[in-house]
Amino acid sequence: MALQLTDYVLRPEPGKNGRPVRVRSNFFEVQHFPNQTVHHYDINIDQANAPPAVYRKVWKQFEDMGGQGILRGIRTVYDGRKNVFAPQPLDLGPGNNAGQFEVELRDQDSTTKRAGGTFRIRIKKAGEINMDELGRFLESRTRLTPNCLTAIMVLDVLIRHMPSMLYATVGRSFFTPQERRALPNGAEVWQGFYQSARPGVGKMMINVDVSATAFYESDNLPHMAAKILGRRSVDELRRGISERDRAKLEKALKNLKVQINHRGETNKRKYKIQKLTPSPTERTIFKDQDGTEMSVAAYFSKRYNIRLQFPFLPCIVVKKELFLPMEVCDIVAGQRFMKKLNEKQTAEMIKFTCQKPAIRANKIKQGFGLLQYRDNPYMEQFGMTVKQEMAMIQARVLNTPQVCYSNATPEGTFVPVGGAWNLRGKKVAQGATLGSWSVVNFHSQLHNQAISRFVRELCQTFIDTGLNVVNRNPPITHGDPQGSVERVLKEAWLKAGNTAKATPQLILCILPNTGVPLYAEIKRVSDTVIGIPTQCVQSKHINDAKKQYCANVCLKVNMKLGGMNLYLSSAQIPFIAEKPTIVFGGDVTHPAPGDMNRPSVAALTASMDARASRYASAIRVQTNRHEIIADLANMVKELLKSFYQSCGQKPDRILFYRDGISEGQFSAVLENEIRQIHAACESLDRDYHPKVTFVVVQKRHHARFFPVENRDADRTGNCQPGTVVDTEIVHPFEFDFYLQSHAGLQGTSRPTHYHVLYDENNFSSDSLQELTYKLCYIYGRATRAVSIVPPAYYADLVAARARFHRRGENWSDTEATSESIDSEQQIATFATVKPELQKVMYYM
């Protein structure tokens, strides 16, 4: 019996198709790692809940004192929580398994008990790690055992040990304030470096990347308050702060650490902001030590001889009955901004992080220098060395497929160049008929004349692009964006039906701006109440309707009406065309970080034709942060029935692309979701067993590729669309690959990682890579190849749309976390999409 190396799928031979190219990748080869046994100790430091940075200081202090006789020159590495690894056994005395030690920590800038004082360290032997087994795993000679996982963790802790003493740590990244840029409303972005030890083919690799995260500016508190409220200076708040602004400020400042600046350099005590006082400093009254009632402002004048500059601002409350005026507080540097960034902050953040490939590659090299890989005494003692330059990898650029629009025009079938094309001289493959429709205008300054002119222009583009427009004068309704959207849309629906004497097909909505609340309400009503596709357009396009814009709107409308924009010929997608085949895309999206009430949304899309062009969809709302699609069996069953109604056949094969899960969840997904897919098939017919292939799609990783030769780069300096990597930096023996299917637009392109967890269809590397790449050319609403396979992309759109189907959601407050009603009630507030819409691509 041969050893079963994996529960997933072994990699067939690496792919051969395409043109070979050399690329650099941001992986650095580990030349040597410890082959001796590493000793693992469990550490307990007796001040529970202190941040890892404090524990690291305690351990460093212990080490500097020679470990009270147990370290004797042995360099140990510590993860800042519970684990210490040593290259040799520590002498813990009789029985040799446990010991207890005391460490005195003097923290200069604080008198709080937590950051200074005496700490008790308990050390207990937890086990030994056989590093040799990791080598066997990399050479495909053994499974990934718990011992191998711990061995990888040893390397991770080892490479992090020194940087974690020097820089602000967030997850696997280290951040430095050297290169920072201010963001609006009191935040700033810091440049950082991510690093992670990853197994590759036959060797360990260190993946190093640039990352960025938002921190609070280390400013004086009143200036920060003005920035949060969007004022130019503190003086603009002199007239007082409205209750709404006070609440906004309190929400933004809660739990932020500040240090006082009015008691000299020696006493810079730190506090955490709990809340704000309802009254300004000059009117906040408390009792002093003698029981005398006075205002905080008067107290500061009497006690510290400080006349407050900003007595009109509220005080911060840091303990019960302990009030501090804002101006005696500075924000402690290096605190991470944990809230969701607003639109302006996000736009600035993108500008900062968006770097051309050559610049990013240089930044990564600089980061490698900062991360202390050279002259690192800890790595030396463990016997670990890492190559100083990025890995050079053999990649391939796959051939571009031929894309088909309508064959009524000579340019209908062509091979795109550079991953993008335009619609000039092309008509959609199957144009829908638009007869019964109407227009709703939500912009008060637009008149019927301008709207009619825009509609004429739009209709002309629709006709030129291959749609059949029966009615070119749809009725126009004017709506108040602040009023009842539901009433207006129902009125428009009736007008459309009465004018055309036919069931309404579409409502075109003109929006005054890009605000979310109106858009969300339109989609909630049209998707879940009326059951009609809507197409929203921005009012700024009405007076200046560009051809390109109208053509893009046309692509969306045609799909919403059940048309087909483009396809690939059968010969190019034999897997899908030869036998009835259904392609699924699945995704689960979660609410914003910190929101523990709103539910997660699971979305499923599935192809409904032999060209994998048209998709139907299903949605389920499930408990918060639940990663597995809980009701997958019923969703699959619904979509298999729809496929049968649409094609008249049961699919013989199922290809399932699953987005939205990380490596840690592979086994749970394999166990649960694949079982549900089989169960769905059997529930339709006991003898129905289509062959299933299940592929995980990941965008959230840190692998990047940089072309070596200029001739292999596109005009943005990125790799060309179709670049595939399935050697060296991939899993030692499982079936995974990186594919960059899109042309770069700005910054450095991120390839998508595909990992096959289950495969009854026996794909070769070439066949799955080629099929996945070709499908990226038929994403319905674009004229370019997309970066992630369309069924997964559609599932993502469906899940995002489902967020708008909640009744009574407050879309205007971007930072609102949902009320704490229980999850059952939360789920009940989501309305379901009308069945007739689930069969068309209403979410485009």
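**Ground rules**

I call a residue buried when its relative accessible area is under 20%, exposed when it is over 50%, and partly exposed in between, with a 1.4 Å probe and protein chains only. This is a predicted model, where local features need pLDDT of at least 70 and side-chain atom pairs count only at pLDDT 80 or more, while totals for chains, interfaces and linings use all residues. I number residues from 1 along each chain as its sequence is written, and side-chain values use heavy atoms, with hydrogens and water left out.

**Entry: helix α4**

Which residues of α4 are buried? I listed L221, P222, M224, A225, A226 and I228. Next I checked what they pack against, with contact meaning heavy atoms within 4.5 Å. The neighbours are α5 (243–253) plus the strands β11 (204–216), β12 (257–260), β17 (314–319) and β19 (329–331). Just after α4 I noted G230, which has a positive phi of about 70°.

**Entry: strand β1**

I count two strands as paired if DSSP finds at least two bridges between them. β1 (residues 19–25) pairs with β21 (residues 391–397) in the antiparallel sense, over seven bridges. On that side, V23 has I393 as its bridge partner. β1 also runs antiparallel to β36 (residues 705–707), joined by three bridges. There I found R24 bridged to F706.

**Entry: a three-stranded sheet**

I then looked up an open sheet of three strands, ordered β23-β22-β30 with antiparallel pairing. Its edge strands, β23 (413–414) and β30 (567–568), each pair on one side only. Two bridges link β22 (residues 403–404) to β23, and C404 sits opposite T413 of β23.

**Entry: whole chain**

I got 20 helices and 39 strands for the protein chain. How does the radius of gyration sit against the globule rule? Over C-alpha atoms, with the rule being 2.2 Å times the number of residues to the power 0.38, a compact globule of 844 residues would be near 28 Å, and the chain's 31 Å agrees. The C-alpha trace spans about 85 × 80 × 55 Å along its principal axes. Buried residues make up 55% of the 844. Of the contacts between residues at least 6 apart in sequence, I noted that 72% join residues at least 24 apart.

Key. Helix = DSSP H or I, 4+ residues; strand = E, 2+ residues; numbered from the N terminus.
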